[in-house]
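I opened the model to look up its strands, domains and helix packing. My notes follow in the order in which I looked.

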Amino acid sequence: MRYAGIDIGSRTIELVVLKDLEIIEKRQTDTGFDPMTRAGELLDGLEYDRILATGYGRNLFEISFDAPTVTEIKAYGVGAGSLFHNVGTILDIGGQDTKAIALNENGKITKFEMNDRCAAGTGKFLEIMARSLGYTIDQFGTEALKATKNLQINSMCTVFAESEVTSLVAKGEDPQEIALGLHRSVVRRAVGMLKRVSADNDIVFAGGVAKNPCIRRLLEETLKRQVLVPEDPQMVGALGAALLAGENK
Amino acid sequence: MSDDYRNMWRDLGLDLKAHDMLLEILGKAYQDIYLAQKDRPEQMGYFDFVMSEVHGLRVKELMDEKAAGRKIIGSYCVFVPEEIALAGNATLVGLCSGADFAMEEVEKLLPRNTCALIKSTFGFKLGKVCPYLEAADMIVGENTCDGKKKAYESLNDIVPNLYVMDIPQMKTEPGRSLLKAEYYRFKEAVENLSGVKIDAAGLKKSIEMVNNKRKAIHRLYSLRKADPAPISGLDALLANQVFFYDNPVRFTESVNKVCDELESRIEKKSGAFPEGAPRILMSGCPMAVPNWKLPWIVETTGAVIVGEESCVGERGSRNLTDDSGGTAEELMDAVVDRYFNIDCAIFTPNPDRLNHIIQMYKEYRADGVIHFGLQFCQPYLMEAIPVEKALESKNIPVLRIETDYSMEDVGQLKTRVEAFVEMLKS
């Protein structure tokens, strides 16, 4: 049997197909402005027995493709639990949401925290801030790691942070230093959420922002805990959905 | 809508165009949220009718009462004692405060970071869309939270008939004395308004009337302990909301009819939701009409709300007023005692509320608690944290939600509520 999971996020859509619990296909695309067309394109030519959807666009997918759904929180819990042994805590920072999820020893979700309406401190925030400093999103973390000072960025709101960045640039601050300050502000917020859900175990860090080396390092430094990043952190939700499609008899 | 209503609204000074818009939005929301539900009790038809006539027939009745010499008193809080109003030949109605309206105007008078309920109070006045408020001979404000307390100073500039009642903040003897003094002052104000002396006979009768209303709603609560739940949380919330402005005697009869039907549903094991559906206890801030957002999100995930630890719910209607007293003084004391037990978060400390949440969680056989806090509502948001901790220490799953009346966070709320329900199911 082949089971597929699709994670329709605010920025990207991921797809995983499993055969006998082995990943036989992984695909990714930008969500764009017409997520269902994009999802349809992503599924093009694929064979599977059952598909399950998660992510921000799951309800739309449920209607368009007549498929069951789960929340990203459950999908990330299951996905991360399958990649690492004894996962206690998962941090997922995606395009517009940050989630901290605690699992018990049986892999069951016991508590979670999620940001409300505002995208402060998420992937979208980093994307806009990178652009305002003239970096690509891939450069942003590596450049921030070159900074040496401890510049404070106080604003968490994307709009206010952007004007704070502008005024720091006007003061002649080094973009690398500003970049580090921005990364620190994202980590402060994520750490707050993690502390509300979990004990002192290892953290699995997933979602697009887990690709950022500066966020990873700052998380480890701040929490003094090991931060485990899956090989393909953006696929964790789709993997969880595919695994759940297999369970959903 | 009949022309009679339009004339009535015009005479009350409503902005007809804005009011039409409000009724249209309300009708649409009711259709999508209420009428779209499956397996509703037939007797909820009464409440559908009440909602379809929310600014029509009931307001007409109040206008007829006024013409016959009764007074109308509007209130925003469960601390305003209905027994005293009724005994003074006045009808007490809850005023509109459950939707955003005329926000640009509101924010000229109130800071942006004021809770939605207070802003809404001003919005309905400034937008000229609440016929209850315009029909009221007296509007009672009460010093509960700081937000309301200070907002009434500004409300006083835009309504001609505001009466402010002080409310204690501690459950101590001086606290009770304050409430008692304030209830006597209110009694006098009602007497001055209506010209009717409030005596033992009047109080006895009004206590009985309000107690009957409470007994009916208590009966409804206890039927929700059944699995499958015979009525949805949304429908039960509606009954709790209508509690505040319907004719008390007719309301009592109508709720009892719903209860009769629910009893036969329970016997047949037929429910509004399937047996075994995850059961949620709601706890926190009041939900005024038409603030149905969170219950709607919860129940569209397949979970059923089995109780409301809220002013629009059990916190507001818990406990009857003792009617055994023979003199007006004894009966007034009984009224004070009854209301002094309300475990609103403005009290410090407030251990009763936590105990009630736990008690309700057990009695209603809930699987989890969703704590609803209105953004910027300091007392309930502050209490939410110790409540969450206390429930977690007893292994009671709890989800803490902070939101307002806008629909912009529905997507995120859905994800959080769905994930919570998934957690309860697994």
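Entry 1, strands. I began with strand 6 (residues 98–103) of chain A, which runs antiparallel to strand 7 of chain A and is joined to it by five bridges. Strands here are DSSP runs of E of at least two residues, and helices are runs of H or I of at least four, numbered from the N terminus. Two strands pair if DSSP finds at least two bridges between them. I noted one facing pair: A:Ala102 stands opposite A:Lys111 in strand 7 of chain A.

I then traced the whole sheet. It is open, has five strands in the order 7-6-5-8-9 in chain A, and its pairing is mixed. Strand 7 (109–114) and strand 9 (227–228) of chain A are at the edges with a single partner strand each, so one side of each has no neighbour in the sheet.

I am working on a predicted model, in which local features need pLDDT of at least 70 and side-chain atom pairs count only at pLDDT 80 or more, while totals for chains, interfaces and linings use all residues. Residues are numbered from 1 along each chain as its sequence is written, and chains are lettered from A and ligands numbered from 1 in the order in which they are written.

I found chain A divided into domain 1 (1–84 + 232–249) and domain 2 (87–229), with bounds from an automatic or database domain assignment. Taken over C-alpha atoms, their centres are 25 Å apart. I looked up the contact between them: 15 residues of domain 1 of chain A touch 22 residues of domain 2 of chain A, a contact being C-beta atoms, placed from the backbone, within 7 Å. On the domain 1 side, helix 3 (residues 72–83) of chain A gives the largest share, seven residues.

I took helix 1 and helix 2 (residues 58–65) of chain A, which pack at about 65° with axes 10 Å apart. The axes are lines fitted to C-alpha atoms over the stretch in contact, and angles run from 0 to 180 degrees between N-to-C directions. I listed A:Pro35, A:Met36 and A:Ala39 of helix 1 against A:Leu60, A:Phe61 and A:Ser64 of helix 2 as the residues making the contact.

I checked A:Leu43, which is in helix 1 (residues 35–43) of chain A. A:Leu43 is partly exposed because it has 17 C-beta neighbours inside 10 Å; 20 or more would be buried and 12 or fewer exposed, with C-beta atoms placed from the backbone.

How values were computed:
Two residues are in contact if their C-beta atoms, placed from the backbone, lie within 7 Å.
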